[in-house]
Amino acid sequence: MIDLSACTFDNNSTYKLDGKWEFYWGQLLDPANISQAEGLGYISVPGSWKTITQREYNRYGFATYRLELLLPADSESFALKVNNIRNASQLFIDSKPLGGSGIPGQTLETTKPRNQPYSVSAPSINGRAEIVIHASNFTYDSGGVAESIRIGTPEAVWALDKRNSIYDIMFVAGFAFIAVYFLGQGLQRKEDSSFFQLAMFCFTIVLYMLTHSEKLLFDLSPSISYEWFSKLQLISGVIGFSFVAGYTYTLFPALYSRLFMRITFTYSIGFCLLTLLSSIRVYSRASSLMLIFCVISIVYTFYVMLRSVVRNEIGSFYLLIGAIAAIMFTLSLTSNLALGTGFYSVPPVSGPIFILSEGLFLSARQAHAYETIKLLSQQLARKDRDKDEFLLKTSNELRTPLNAIINISLSLYEGSGGSLSSSQREDMRLILGTGRRLAFMVRDILDYEQIKRERITLHWKQVDIQGIANIVIEVFQFLNIKDDIRIKNRIPPGVYLIEADEHRLMQILYNLLDNALKFTDRGSVVFEAERQEDIIAISVTDTGRGIPAERLEQIFRDYEQVNEADSLESGGLGLGLAITRKLVELHGGSIKVESVPGRGSTFTFTLPVSQPGAVIAEAENRELLLTPVNPPLEAWDDDWKYPNIPLPQYTRDEETNGSAPRILVVDDDYANLKALTNLLSLENYRITSIRSGKEALAILAEDRNFDLCIIDVMMPEMSGLELCRIIRKTFSPLDLPVLMATAGQQLHFNESAFRAGANDFIHKPYAWSDLKGRVKTLVDLKRSVAERLSSEIAMLRAQIKPHFLYNAINTIIWMSTRDNEKTRHLLYDLSHFLRGSFDFSNQETAIPFEKELELIEAYLSLEQARFGKRLSVQYNIEVSEFTLPPLIVQPIVENAVRHGLMEKIGGGTLILSTRLQGGNIVITVADNGKGMSDEQLASWMMDDYRSSSRQGTGIGLKNINRRLLKQFGHPLLLTRGEDGGIEVRIRIPWKGEVS
């Protein structure tokens, strides 16, 4: 009996029912008849059935507890709080069953174990109460009432329940939050496992709190079995101390014993496996050993942290406080498990103190790391500046020898040192390609340093994106050795006008296309543009390898590539996209990339739209202008096209003799046109200024007498390269030299210009002395070639063909013995032919076709007399009243006779015809003679073909073709006839001479 009559039952106080209780071992007695039962004994509560001092009872079995209470007289009701009775119990008050946990039974099969705290309340009758408890345990290592049963008013017990639940929830929520925080830190800093170790320790504390005290896990998961609940109870404790050991070892590897760490890890894993694979009877008996080892682990951890304080480690003081808190928590846990004290008999401050101290410790370490990083960053910045200076100086020093290597390699590759074998050419090509890649790296480094130091000045102007893209594509079509890749420009001309630096925009597109081609093995690369309000989005899409999602942002960083092998494969430094991004940002735009690995990538950058009427300040070198020039406001009319620039005035003598060289200047930039017009006029050149490629072609179609054409590479609608190629279809480089001009500095732009047919290349801004020298050289070249061609024609007119004359005279002598009339006609034809050949005073550039036809008829008459029936001639002359250059048709007729018909045993027929077709006179010379192979046809126009040295005219078809191109723009056309011979066609524009 416990006398509580003198106690004060209020709403804040509860009392322990500790002491000797009546105990009936091996019996589950009816509370109503318990007074008649036998086998009465007494047992301490709280306490286990079998301990070191008490051995008369077993660990496993069932029993009945009984206690009588004397209550305060003024107490109307009371309540009991049962925390821990192993492993099933039922509570009776005054013979009434009011609560329990599980179902106590007399065998393992009839017992349903469950150890969950519960509270009951009952009225106070006459100040007395009888408490009876049925308890059974057939699973756990020790049975009985493990913790004190508390009594108080229902309000006091409810307050105790509420307090314990709040403590549990605070612990669970607090440790869970801290665990997630430290886990996030650990995932972000994977190289430092201390965060992860601490996070896992906090998670084990959460699990431990859910399975102890009020055992909230039963409320969260009512269906959980007691077997698994007990497993989680033990595993959470063992694993938690293992993570503490790992955490301490990670912080102080030099102080914490590696052997002890391994023992702790091995023990923890072994106990967890034992718990998971065995029954509760097995692993519960080992729990006491686990508790002993955990205490040892905590003591050793405290020792290590104490040593760290002595050694003045960073934040070690906070660790010591945390270790003390951990010891307090361990002692509280030990007291609860071994002595049955309440879980919160000591205020639960040790847990928050531990977490707070660990957080402060990690903060101290991070603060120290921050200061260290700050110092290292300053040192790194200084080293980075030194590195940049070194790269800049080295790059500048490398430029000259690299150019020498490239030029020498190129000359050897082209055969300047003699012919090369195929393997030698491949080696030279490899050397040349490697040198160029190194030159591009040097260029990227220099550009990067200029951008980094903010030394780049943008020269703003209105630019057509389509024209710039065409130039870049043309350059890469020359460089691209991958035949499986198609480069497409889907940007329409004249639609997307932007304000940008022409040269830097070209560099942006160049880098993006270069990057696309490097990582595309087959498929296509497409340029597209789209207007989005006040900006234009330009995209470059490829069908290459693609970029992983995690690398999309990194590739725009300095010296970054998709993977480490890219630098070896592509030969780059990873600066191209970094430079591109900075150049786009300098233009006020942005760049992004979208990619699907294995399907390709799309790089998109934005630039501001050019506004009509905005006069952009020219940034070209103003020293080139004799007077400052800005486009007039009316220049923005008619779709932003400039008006024609008036030609400069010339003296009367120049207008009379027309001897001043004529230059055609094509540039869409008004200031450049004005500058060149003014400067070249001072050198007595006659200038025609045109603002587009189409207008230039229209001028050349009407007037072909220009000595030089200066073309800007960057022009809308039709680029300078495209214009140059079209010009080269009708003008050879000697008939009309072309000087290309651009603001770009890329070496490949020069190569593309030369491949398009340019004679020379000059970069903007022009150096006047350089420009003047190049113009003079090209004009002198054109005029010297024209003079040589005139001299050659004059010499050809005066040439005497000894073998032809010898054969003709022998033929006439032979004919004189047979036909006097025929002989007279032959003498007349020979006289006519010789008169045309000896006409030294004939300096005409055009003669009537009738005159050329008379010379042809005379020649063919003599040849027919010589060869007889082997030579047949047909004339189909529909048009004859027109002019043409001298010695155009007759040499072709002579070649047909000598090298076509007479080399065929049976001879053949020569047909000379003229007809009017469209706007041209078509002259055809056809034969059915020996003919030529495809290779001979191709080499006929490539080589300076001449007739036989004994009988030929000495005039090559290439010479005739050049004269036709220069004067009429139509080449000589040679084809194989249906009968196996050769058919030669000449087209001459008809100017209405025919009546």
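Modeller: First, a term. Strands are DSSP runs of E with at least two residues, helices are runs of H or I with at least four, and both are numbered from the N terminus. The model is predicted.

Start at Asp94. This residue lies in the loop between β9 and β10 (96-101). Most residues other than glycine have a negative phi, and most peptide bonds are trans. Asp94 has 28%, so it counts as partly exposed.

Lys215 has a positive phi too, near 50 degrees. This residue sits in the loop between α2 (194-210) and α3 (216-220). Its relative accessible area is 6%, so Lys215 is buried.

Now the cis bonds. Asn87 is in the loop between β8 (85-86) and β9 (88-93). The peptide bond from Arg86 to Asn87 is cis, with omega near -5 degrees. Another cis bond joins Val45 and Pro46, with omega of about 5 degrees. Pro46 lies in the loop between β4 (40-45) and β5 (47-48).

Next, a sheet. Its five strands run in the order β16-β18-β19-β21-β20. The sheet is open, and its pairing is mixed. Strands of a sheet pair through backbone hydrogen bonds, either parallel or antiparallel. Which strands stand at the edges? They are β16 (485-489) and β20 (591-596). Each has a single partner strand, so one side of each is left without a neighbour in the sheet. On average, neighbouring strands are turned by 15 degrees against each other, direction ignored.

Strands β16 and β18 (residues 523-532) run parallel and are joined by five bridges. Lys488 has Val526 in β18 as its bridge partner.

Two helices pack on this sheet. Helix α12 (residues 502-518) touches β16, β18, β19 (535-542), β20 and β21 (600-608). The direction of α12 makes about 175 degrees with that of β21. Helix α14 (residues 576-586) touches β20 and β21. The direction of α14 makes about 25 degrees with that of β21. So the edge strand β20 is in contact with α12 and with α14.

Conventions. Residues numbered from 1 in each chain as written. Predicted model: local features only at pLDDT ≥ 70, side-chain atom pairs only at ≥ 80, totals over all residues. Heavy atoms only, no water. Pairing = 2+ DSSP bridges. Axes fitted to C-alpha atoms, helices over the stretch in contact; angles between N-to-C directions. Contact = heavy atoms within 4.5 Å. Buried < 20%, exposed > 50% of the residue type's maximum accessible area, 1.4 Å probe, protein only.
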